[in-house]
Amino acid sequence: MTVRGATPAHAELRSRVVGVTIVSIVVDLVAACVAWALEHGHGEITTFGNALFWTTTQLLTVSSQFPNPLTTGGKVLDVLLELYAIVVVTSVAGAFASFFHRRALERRPHAAKSPG
């Protein structure tokens, strides 16, 4: 089954959400590799699965049962993941706000098109 946007606004929203999702999955996998390499043998992140769980929970902006990273590189990675997560959450919220604004304009038959 193919999901198609009913309007250009739908298609643009879908495109943005799919793009952010794909990039976030790649960031999660790469960050898990980096976290495992940095923290392996220094704390409780002892397997790639542990590292993937930790990075995923950081990207979802929820806490995991693992303590904070112990290495300097792990701490830097933690901050970068948190910053990325904040940017993604605000960007997706902005995409939805833009979508609802455009849909409201599309539904007004008398709405004048804005210049530019």
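These legends accompany close-up views of a predicted model.

**Figure 1. Overall fold of the predicted protein chain.**
The chain has 116 residues. Its secondary structure amounts to three helices and zero strands. Read from the N terminus, the elements run α-α-α. Helix H1 covers residues 8-39, helix H2 residues 48-59 and helix H3 residues 72-107. Of the residues in the chain, 26% count as buried. Among contacts with a separation of 6 or more, 54% link residues 24 or more positions apart.

**Figure 2. Confidence along the protein chain, given as pLDDT.**
Mean pLDDT for the chain is 81. A value of 70 or more is reached by 85% of the residues. Among the elements, H2 has the highest mean, 89. H3 has the lowest, 85. Where pLDDT is low, predicted coordinates should not be read in detail.

**Figure 3. Packing of helix H1 against helix H3.**
A pair of packed helices is described by the angle between the axes and the distance between them. For H1 and H3 the angle is about 175°. Their axes lie 10 Å apart. Angles over 145 degrees count as roughly antiparallel, so H1 and H3 are roughly antiparallel to each other. Their contact has 19 nonpolar residues, five polar and six charged.

**Figure 4. His10 in helix H1 and Arg102.**
His10 has its place in H1. Is His10 buried or partly exposed? Its relative accessible area is 25%, so His10 is partly exposed. Along the chain, His10 and Arg102 are 92 residues apart. Their C-alpha atoms are separated by 9.4 Å.

**Figure 5. Packing of helix H2 against helix H3.**
H2 and H3 pack at an angle of about 40°. Their axes are 8 Å apart. H2 is therefore oblique to H3. The contact divides into six nonpolar residues, three polar and two charged. Which residues of H2 meet H3? They are Trp54, Thr55, Gln58 and Leu59. On the H3 side stand Gly74, Leu77, Asp78, Leu81, Glu82, Tyr84 and Ala85.

With a relative accessibility of 29%, Leu38 counts as partly exposed. Neighbours within four places in sequence are left aside here. Beyond them, Leu38 is in contact with Thr71, Gly73 and Gly74. Ala51 is 13 residues from Leu38 along the chain. The C-alpha atoms of Leu38 and Ala51 are separated by 10.0 Å.

**Figure 6. The aromatic pair of Phe99 and Phe100.**
A search of the whole structure finds one aromatic pair. Phe99 and Phe100 form this pair. The ring centres are 5.1 Å apart. The planes stand at 65° to each other. Planes over 60 degrees apart count as edge-to-face, so the pair of Phe99 and Phe100 is edge-to-face. Phe100, at 52% relative accessibility, counts as exposed. The cut-offs behind these labels are under 20% for buried and over 50% for exposed.

Terms used
Residues numbered from 1 in each chain as written. Predicted model: local features only at pLDDT ≥ 70, side-chain atom pairs only at ≥ 80, totals over all residues. Heavy atoms only, no water. Axes fitted to C-alpha atoms, helices over the stretch in contact; angles between N-to-C directions. Helix = DSSP H or I, 4+ residues; strand = E, 2+ residues; numbered from the N terminus. Parallel < 35°, antiparallel > 145°, perpendicular 65-115°, else oblique. Nonpolar A, V, L, I, M, F, W, Y, C, P; charged D, E, K, R; others polar. pLDDT = per-residue confidence, 0-100. Phe/Tyr/Trp six-rings, centres within 6.5 Å; stacked < 30°, edge-to-face > 60°. Buried < 20%, exposed > 50% of the residue type's maximum accessible area, 1.4 Å probe, protein only. Contact = heavy atoms within 4.5 Å.
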